[in-house]
Amino acid sequence: MSNSFTRSEALLLRARAVIPGGVSSGNRANWTPFPLYYARGDGARVWDVDGNEYIDYVLGRGPLILGHGEPDVTDAIYHQLKVSQFFAGQIEGEIELAELICSLVKNVEMVRFCNSGSEAIHACIRLARSATGREKVIRFIGHYHGWYDGIAWGFSGVSAKPDAPPLPLPMSLGQPSSDAANIVAVEWNDPEAVANAFKNCRGEIAAIITEPIMFNGFWSNIQPIEGFLTFLREQCDANGALLVFDEVQTGFRVSLGGAVEHFGVAADLSAFAKALSGGVCLAAFAGRRELMKRLVETNTVHTGTYNAYPPAVMGALRHLTLLAVNAGAKLQRIHHHAALLERGLRDLASHTQLPLLVRSSPGAVTTAFRVAPTQVIDHRSAAEGLDLGLQRAWHLALQDQGIRITPEGLWYMSAAHSANDIATTLDAAQDALQSLSSR
């Protein structure tokens, strides 16, 4: 590759005059050396506007689980666009997609569609509060549940003022402080903290919301400790609260049947988006019939002009159908190749003096540089000893080798990646580590 980003840099300067920061999502701003612009993608590869080619492990931050430009998916989208873009009414494909989701995820009986994971989470929380008549929600520090004000508290921790109870910290300026009163933020994988939250807020907790696998930021791919999800289920049942799974990342990636199939624990409500959509703007929230029917039997409102946008529905239907063919053969291939990548990266980590840590879940891998003796089980331990300078240098070194990962070190695998791609990637990763070691 040319290692030149001249056109990207010029476009970024032009964009910053009319788009804040030159980007339309805050998590695109931390790219090294700066946010790049892209021209096209095909299978497991993308090309930026300067002609640099990359093996892509970003995959739109997760949605492109079949790879870029899967022909069957794009054909389904194009066909619907030719028929009609939008009716503000229903199409048959909407029913077929909902039926497919219900057939794959055994605790799901009804589905509603929306446009983003943030919207789906927002709807789940509203339903939980409607069903329980309560307002407080237990959430885990470091789990990302979208950027909406009502849930974006405690993502990065809680306050620690002397002689005052801890309060969840806001994700952003501009969030009304009154929302914090309804969020109870505790560390992931801490059963005692969860039990104490129910004890201290007896009769006030509407729901626990959790990612089945901690999957965002520098603390991605942190697994639940043995029995933790079962414990959450039991605590909700004992205290009259609902269990909400944020499966925006895990749903249809970790397993075709979602977290309930992978872990054997059923949520009352679940949110799906990235690996459901296949690269179109579509999300869903789903759950038990009696809860979902509150949307029509009570004044529990869910609306949106672009909900179940037909081209997105047809693209997602084709995408999920392809994933499910032959008992999920494509997904099994993804898991196999992700395991190959994980093993290769672990081998490289064992042969370098750099503090490279590798974590994984089916279909995804995390690399982090961390100097700390403790095991990573939550946000706090993952942040301990994290070397952000090395993390940034690793991202840039891989990018210079033609390997594209997220700046936080999250690697997604797609069905388009080949064993040869992984071998090429591991060679590039070895060269990147050697260049970092010689700094």
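Tutor: The discussion below concerns a predicted model, and takes the terms one by one.

Student: Which residue in the hairpin of E1 and E2 takes a positive phi?

Tutor: Gly43 does, with phi near 65°. This hairpin has two residues between the strands.

Student: How do you know that E2 also pairs with E3?

Tutor: Three bridges link E2 with strand E3 (residues 53-56) in the antiparallel sense. Because the cut-off is at least two bridges, these strands count as paired. Arg45 therefore has a partner on this side as well by the bridge rule: Ile55 in E3 stands opposite Arg45. The hairpin of E2 and E3 has four residues between the strands, and there Gly51 takes a positive phi near 90°.

Student: Why are E4 and E8 called edge strands?

Tutor: The open sheet has seven strands in the order E4-E12-E11-E10-E9-E5-E8, with mixed pairing. Strand E4 (110-114) and strand E8 (183-186) each pair on one side only, and that is the sense of the word edge. Neighbouring strands of this sheet are turned by 20° against each other on average, direction ignored.

Student: How many bridges join E11 to E12 within that order?

Tutor: Four bridges join strand E11 (residues 269-272) to strand E12 (residues 283-287), and the two run antiparallel. Ala271 stands opposite Phe285 in E12.

Student: Which strands does helix H5 lie across?

Tutor: Helix H5 (residues 191-200) lies across strand E5 (136-140), E8 and strand E9 (205-210). The angle between H5 and E5 is about 170°.

Student: What makes the peptide bond between Thr32 and Pro33 a cis bond?

Tutor: Its omega is about 0°, and the bond is accordingly listed as cis. Pro33 is placed in the loop between helix H1 (6-15) and E1.

Student: Why is Phe252 called buried?

Tutor: Buried means under 20% relative accessible area. Phe252 has 0% relative accessibility, so Phe252 counts as buried. This residue lies in the loop between strand E10 (242-247) and helix H7 (258-263), and its phi is near 70°, a positive value in a residue other than glycine.

Student: Is Ala308 buried or exposed?

Tutor: The relative accessibility of Ala308 is 4%, and Ala308 therefore counts as buried. Ala308 too is a residue other than glycine with a positive phi, near 55°. Its place is in the loop between helix H10 (294-297) and helix H11 (310-350).

Student: Which residues have the most contacts inside the largest nonpolar core?

Tutor: They are Leu97, Phe252, Trp394 and Trp411, in a core of 63 residues. Helix H11 supplies the largest share of this core, 14 residues. Apart from this core lies another, of 28 residues, including Ile138 and Leu243.

Student: What is Leu97 in contact with, leaving aside its neighbours within four places in sequence?

Tutor: Leu97 is in contact with Phe113, Leu276, Leu282, Val313, Ala316, Leu317 and Leu320.

Notes. Residues are numbered from 1 along each chain as its sequence is written. This is a predicted model: local features need pLDDT of at least 70, side-chain atom pairs count only at pLDDT 80 or more; totals for chains, interfaces and linings use all residues. Side-chain values use heavy atoms; hydrogens and water are left out. Axes are lines fitted to C-alpha atoms, for helices over the stretch in contact, and angles run from 0 to 180 degrees between N-to-C directions. Contact means heavy atoms within 4.5 Å. Buried means under 20% relative accessible area, exposed over 50%, partly exposed in between (1.4 Å probe, protein chains only). A nonpolar core is a set of buried Ala, Val, Leu, Ile, Met, Phe, Trp, Tyr and Cys residues joined through side-chain atoms within 4.5 Å.
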